Amino acid sequence: MTQTHYDLVILGSGSTAFAAALRVQELSKTAVMTEERTTGGTCVNRGCLPSKNLIEAANIIHEARYPRYPGLTPAEIRLDFRRLIEQKDEIIHGYRTKKYESLTGGQFTVEKGHAEFVDDRSVQVDGKRITGEKILIATGSRPVVPSIGGLRDVHYLTSDLLTNDDEPIELRELPRSLIILGAGYIALELGQMFHRFGANVTIVKRSEQLLAHGYEPEVGEAIREAFESEGIQIIAGAVTRWVRQDGMAVTVNVETGGQTRELRTEKLLVATGRRPNSDNIAIEKAGVELGKEGQVRVDEFLRTNVPHIFAGGDVIGVDWRIPLDVARERIGSIAPRAIQGNLDPVALLAPRPELERQVRDVLTRAGGRPGHIFNLGHGVLPETPVEALQAVVEWVHGG
Ligand SMILES: Cc1cc2nc3c(=O)[nH]c(=O)nc-3n(C[C@H](O)[C@H](O)[C@H](O)COP(=O)(O)OP(=O)(O)OC[C@H]3O[C@@H](n4cnc5c(N)ncnc54)[C@H](O)[C@@H]3O)c2cc1C
């Protein structure tokens with residue numbers, strides 16, 4: 001008979017879900033994850049792993065073009081974008097098989113299909129009802145599409161553009177030009193990557209500051225300087241009035257300082273933020289409370305207002321409270337890898353302003369600049385002095 005009752009039922013199968021399921025296994029208990037897209041969720045399939053893989057390739061092109069050492073002659077590396085995307089997909093498949101899919105089938109399994117609450121103890125997946133002693137909501141987040149006139153009729157990309165070949169792919173060819181709406185970390189890292197691959201990139205941003213939310217203002221300033229010196233155009237304080245498909249191109253009407261201008265681009269990337277996937281799981285049937293932005297509200301133990309229901313990861317928004325020592329430990333694992341130029345994407349962190357301030361202080365005392373560690377490891381700027389990274393490692397281990 002197929003099992004329908006578990007110690008833990010998890011909505012989602014991303015990195016949060018797997019972390020919880022592995023812990024359940026260690027405790028010799030049972031868990032089931034649920035997944036309506038690809039097992040492994042955003043990070044491995046369309047987020048951290050593909051982006052960091054391609055960003056590193058873009059970095060190699062950039063470093064060859066602008067070598068850091070006197071005595072090295074600049075060189076142009078030829079890019080076969082399709083082949084690069086194929087190797088990215090191969091890496092994702094391999095990684096997903098080894099680190100995710102091969103782990104399931106014992107103490108924990110994955111039920112494929114859309115999951116929704118039936119009540120506070122049970123969840124329905126593709127018509128099948130499963131119950132749990134405890135439930136974890138780990139449904140992640142999805143790109144927000146702003147209400148801009150004409151956007152519905154335009155071919156646009158989202159922060160899901162690196163989706164691998166198990167799902168419909170948003171982007172197959174390297175665009176000659178790219179306008180990005182938004183300037184959060186995903187917009188910025190993808191913008192720099194495409195620019196280094198050779199696309200003409202323009203970032204259009206509503207507020208004056210890059211990384212306006214959850215970061216020290218100096219970080220945005222440092223990134224702006226670095227980007228502009230590379231040749232990425234930034235239009236800040238701009239309101240996008242409308243967009244229009246003109247054959248193979250997109251026209252974007254932008255207003256800045258009372259003046260409007262029309263920009264043309266081959267591709268438009270809408271990266272204006274993400275929202276928690278809390279509105280598609282019949283959460284009201286479980287009586288779980290949400291915050292203003294749709295995030296599941298939790299306490300410092302990731303408990304919702306319903307005592308046996310927990311939530312973690314992107315679905316609780318950025319106001320999450322992982323213990324400081326856990327966050328410090330993670331930074332401790334990022335910095336040495338950054339020193340070796342070998343960043344492991346799964347070690348990276350989501351924004352945590354309080355900790356970022358502390359790292360900033362350590363960095364600046366050691367001769368680094370606030371923007372050198374960009375969002376605690378979403379990227380480390382190439383010119384970050386090794387001494388500054390070492391100071392961060394010592395700080396983490398020294399308490
Ligand atoms: C381009 C990009 C780059 C990124 N780079 C980094 C980085 O360098 N470092 C970093 O720390 N973070 C990065 N992130 C963010 C990171 O990917 C997320 O923070 C992380 O994946 C969230 O994990 P999660 O388990 O909360 O959710 P997810 O991994 O999104 O998993 C949730 C899963 O639940 C499934 N699901 C949702 N609703 C249902 C339902 N009703 N029924 C069944 N299944 C459902 C979804 O399909 C999804 O697979 C990046 C994100 C993007 C988009």
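Predicted model: local features only at pLDDT ≥ 70, side-chain atom pairs only at ≥ 80, totals over all residues.
# Strands, sheets and a ligand shell

Strand β1, which covers residues 5-11, pairs with β2 in the parallel sense over 4 bridges.

- β2 is mostly covered, since 5 of its 5 residues are buried.
- The cover extends to both faces of β2, with A31, M33 and E35 buried on one side and V32 and T34 buried on the other.

**Around the ligand**

- There are 37 residues around the ligand, and those that come nearest are G14, G41, G47, G140 and G313.
- Two or more residues of this shell are given by each of α1 (15-26), β2 (31-35), α2 (41-45) and α3 (48-65).
- Sorted by class, the shell around the ligand holds 18 polar, 14 nonpolar and 5 charged residues.

**The antiparallel sheet**

- An open sheet is formed by 3 strands in the order β12-β13-β14, and the pairing in it is antiparallel.
- Its edge strands are β12 (238-246) and β14 (259-265), each of which pairs on one side only.
- Neighbouring strands of this sheet are turned against each other by 20° on average, with direction ignored.
- Strand β13 (residues 249-256) is joined to β14 by 7 bridges in the antiparallel sense, and V252 stands opposite L263 of β14.

**The parallel sheet**

- Another open sheet has 5 strands, which follow the order β8-β15-β9-β10-β11 with parallel pairing.
- At its edges are β8 (156-157) and β11 (233-235), and each of these strands pairs on one side only.
- Strands β9 (residues 177-181) and β10 (residues 200-204) run parallel and are joined by 5 bridges, with V204 in β10 as the bridge partner of L181.
- Helix α5 (residues 185-197) packs on this sheet, where it touches β9, β10 and β15 (267-270), and the direction of α5 makes about 160° with that of β10.

How values were computed. Residues numbered from 1 in each chain as written. Near = placed C-beta within 6 Å. Nonpolar A, V, L, I, M, F, W, Y, C, P; charged D, E, K, R; others polar. Buried ≥ 20, exposed ≤ 12 C-beta atoms within 10 Å, placed from the backbone. Pairing = 2+ DSSP bridges. Axes fitted to C-alpha atoms, helices over the stretch in contact; angles between N-to-C directions. Contact = placed C-beta atoms within 7 Å.
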